[in-house]
Amino acid sequence: MDKEQCMLTARILQGQGKTHMEIAAALGVCERTVRNHLKNKPAPKKNPKRGSRLDPYKPLIDSILEANPSYNGELIFERIKKIGYTGHISVLKDYAAKIRRRLDAKAVIRFETEPGRQAQVDWKEFGKQTVDGKVLKLYAFVMVLGYSRKPFVWFTTSMGQATLLACHILAFKYYGASRRRSCTTT
């Protein structure tokens, strides 16, 4: 039995109410060894925090990724290698991925607007559809209000300007917009 197992057994026997002499006899060690061990509380093993070869270059990497989160890891590696980095690219890529996740988390903070202030519009292609015997591309016009996130979707077979304007008018009617006498710009 190794030392750690032996001393773990000593603690178990102590918990059962055995004396130091009885524990020493059961384990085949002297009473003083048992007493010294049981007097010290077990401490969790601490793994020493080692530095990384990448540590001196982290501020540079952070600044590069904050300016452009999609900056190529290979290019960052070549850049820091030129100024003395001797580590592996995998260490750099792991660190860059962690920084990108942190930056992405910041990027998804929702943009809030007042009611009636903003809507977002997009087109989405939905493959092909047969209309009157012709195979045409099918598109979805999507408008989402900035404040309520209420969506409007209208399917079309054209993305022309006339269709775009007609979809806007349909969306405004859907949302209950009325004609305004004047427009203001900001």
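A nonpolar core is taken here as a set of buried Ala, Val, Leu, Ile, Met, Phe, Trp, Tyr and Cys residues joined through side-chain atoms within 4.5 Å, where buried means under 20% relative accessible area with a 1.4 Å probe and protein chains only. The model is predicted, so local features need pLDDT of at least 70 and side-chain atom pairs count only at pLDDT 80 or more, while totals for chains, interfaces and linings use all residues. Residues are numbered from 1 along each chain as its sequence is written, and side-chain values use heavy atoms, with hydrogens and water left out.

The largest nonpolar core holds 14 residues, and Leu54, Ile61, Leu65, Ile80 and Leu92 touch the most other members. Helices α4, α5 and α6 (89–107) each supply at least two residues of this core, with α6 giving the most, 5 residues. Ile80 is in contact (heavy atoms within 4.5 Å) with Leu54, Tyr57, Leu60, Ile61, Tyr85 and Leu92, leaving aside residues up to four places away in sequence. A second, separate core of 9 residues includes Cys6, Met7, Ile23 and Ala24.

Turning to the helix pair, Leu60, Ile61, Ile64 and Leu65 of α4 meet Ile76, Arg79 and Ile80 of α5. The residues of this contact divide into 6 nonpolar, no polar and 1 charged, with Ala, Val, Leu, Ile, Met, Phe, Trp, Tyr, Cys and Pro counted as nonpolar, Asp, Glu, Lys and Arg as charged, and the others, Gly among them, as polar.

An open sheet of 3 strands runs in the order β1-β2-β3 with antiparallel pairing, pairing being at least two DSSP bridges between two strands. Its edge strands are β1 (119–131) and β3 (151–156).

How values were computed
Helix = DSSP H or I, 4+ residues; strand = E, 2+ residues; numbered from the N terminus. Buried < 20%, exposed > 50% of the residue type's maximum accessible area, 1.4 Å probe, protein only.
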